[in-house]
Amino acid sequence: MNDAVNDAVNDAVNDAVNDAVNDAVNDAVNDAVNDAANAAGARPARGTTREAARGDRAGASPRGCSGLPAGVAWRRMIRRALSCAAAAALLAIAPAALADRVALLPTRGGTDEAARSAAQAEVARGLAALGHTTAPDGEVAAALKDVADGVADSADEYRAVGARTGADWVLTGTVDPAVTTTRIELTAYLASTGRVESVAREVDRGKETRQTQEMLAVLLRPEGVGAGELPWERAARSAPASAPPSAGGAIVLPPVPAPPPAPPAKEVLMAYPLGPERVWPAYSGGRRVAVSASLGLAVAAARLPGASGSATSLVGEARVAYAPGDRGLELFAGGGGNLAGPFAGWIEGGARLLLTPSLTPHDGAWRAFPLHLGPSLRAGAFFRSSADVVGPDLTTYRGDLDVDPVLGASLDVALALSPSVQLEAQLGNLRWVPTGGGSLLLVGATLGAGARF
């Protein structure tokens, strides 16, 4: 589309300029020849108009200084003025006709929202100064909803945004503020070729507008960034070196070293199945209180002497938990029991450490998938009924309720569907119950769901 517009504008401008130049040259030559012919008493030159020749023969029309009738001279002057005006108008509208449409994505990086907003505004002003038009923010936001994690950072995702917004370019930026400068990196995708290029530089405070516009001028052009030094790199190399110390003994201080790179911000772009969100910390997402319930199976791997009946039971459990820090540690307390099988129940408390294996640095922060896993340890009291006793009269007497300590461990897995809803599983679910007559060892697994607040 840009090539067609360029060809049309260039053809129109060239035709208008050529017509204006040809008319001016022809009129000048004709005027000169007619003036010479009038001075010598000869006939007008061949290039003069028939109206002027008839006017000479009839002697009816007054002549201008060029020897032509006044009406013809005025008509030629008007025609010249109109041709020049048309050429000037076409030249004036040419930049607007050649303007590109740019989809400007939200600026990323750093921990300072104000710095990101300022950089976004400077880029938008630079695009307007270069004659480009930006796609409306609503169209860009709608296009980003089609991106898996909500952040376009690959050629395929740029292509999807450009197609959705009808943009010639897709532009995104990242910022890393420092003390006196801000490092800005701009990445541009050209829809017509699929090319992705980027430029980066340290932008000085107070010079953001000019220096950002220089970056855009280099990046947003059909030929691309090209090879060799960038304009600001060449200017920095050619700058005069600092003066040596004077004879008076003045001390020239060495340049101040750049501060070390800042650690990643406390922010995670979490790709929740119900929609990506920026949270912290990775496991709790800032919602530190949780309640959950689960169902599962338990099998007695080691039974007490004299035990009878099925060794398998259906168990249910409920718990309340609190995540006190940012590293996935969670404290919990709860209870449960056998819903089917031998009568038993427990009350216990413990802790678990849930890690996020997919947590990786990304654009000055973090990104991850909300699958968390880690070990869980617990301790408490285990309630069970003792063995039944058959009396001399063959009457069966139910045993008393026995209370014994219990220690447990499991591998816990949690999949967060959103910051407030998660699925949980406890694998292994070992429970060791020491008693006066032996030990009881239970193994199993449970599956449940929880809510965070």
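**Strand pairing, cores and ring contacts in a predicted model**

In the hairpin of β10 and β11, where three residues lie between the strands, Gly341 takes a positive phi near 115°. Helices (H or I, at least four residues) and strands (E, at least two) are DSSP runs numbered from the N terminus, and two strands pair if DSSP finds at least two bridges between them. The model is predicted: local features need pLDDT of at least 70 and side-chain atom pairs count only at pLDDT 80 or more, whereas totals for chains, interfaces and linings use all residues. Residues are numbered from 1 along each chain as its sequence is written, and side-chain values use heavy atoms, with hydrogens and water left out.

The chain has eight helices and 19 strands. Of its 453 residues, 35% count as buried (buried, under 20% relative accessible area; exposed, over 50%; partly exposed, in between; 1.4 Å probe, protein chains only). Residues 24 or more positions apart account for 57% of the contacts in the chain with a separation of 6 or more, a contact being heavy atoms within 4.5 Å.

Strand β10 (residues 329-340) has antiparallel pairings with β9 and with β11. With β9 (residues 312-322) the pairing runs over nine bridges, and Val315 stands opposite Asn338 in β10. Six residues separate β9 and β10 in their hairpin, and Gly328 in the turn has a positive phi of about 90°. The pairing of β10 with β11 (residues 344-353) likewise runs over nine bridges; there, Phe332 has Gly350 of β11 as its bridge partner. Phe332 also takes part in a charge contact: the charged end of Arg319 sits over its ring, 3.9 Å from the centre. For such a contact, NZ of Lys or CZ of Arg must be within 6 Å of the ring centre and within 35 degrees of the ring normal.

The largest nonpolar core has 22 residues (a set of buried Ala, Val, Leu, Ile, Met, Phe, Trp, Tyr and Cys residues joined through side-chain atoms within 4.5 Å). At least two residues of this core come from each of β1 (101-104), α4 (113-129), β3 (169-177), β4 (181-190), β5 (195-204) and α7 (208-219). Leu127, Leu171, Leu186 and Val199 have the most contacts inside the core. Not counting residues up to four places away in sequence, Leu171 touches residues including Val102, Val123, Leu127, Leu186, Leu216 and Leu219. A second, separate core of 13 residues includes Ala103, Leu105, Ala152 and Val161.

In helix α5 (residues 137-144), Val140, Ala143 and Leu144 are buried. These residues cover an arc of only 100° around the axis, which puts them on the same side of α5; the arc is that of the directions from the helix axis to the C-beta atoms. The buried residues of α5 pack against β1 and α6 (155-165).

Two aromatic pairs were found in a search of the whole structure. Rings of Phe, Tyr and Trp (its six-membered ring) pair if their centres lie within 6.5 Å; planes under 30 degrees apart count as stacked, over 60 as edge-to-face and the rest as tilted. Tyr158 and Tyr189 form a tilted pair, at 6.2 Å centre to centre and with 35° between the planes. This pair links distant parts of the chain, with Tyr158 in α6 and Tyr189 in β4, 31 residues apart. Both tyrosines are buried. The rings of Trp346 and Phe382 have centres 6.3 Å apart and planes at 5°, so this pair is stacked. The link is again between distant parts of the chain: Trp346 lies in β11 and Phe382 in β14 (residues 371-385), 36 residues apart. Trp346 counts as buried at 5% relative accessibility, and Phe382 counts as buried at 2%. The charged end of Arg431 sits over the ring of Trp346, 4.1 Å from the ring centre.

Most residues other than glycine have a negative phi, and most peptide bonds are trans. The peptide bond from Trp280 to Pro281 is cis, with omega near -5°; Pro281 is in the loop between β7 (277-279) and β8 (289-302). Asp363, although not a glycine, has a positive phi of about 50°. Asp363 is in the loop between β12 (360-362) and β13 (365-368) and is partly exposed, with a relative accessible area of 29%. Asn429, also not a glycine, has a positive phi of about 45°. Asn429 is in strand β18 (residues 421-435) and is buried, with a relative accessible area of 5%.
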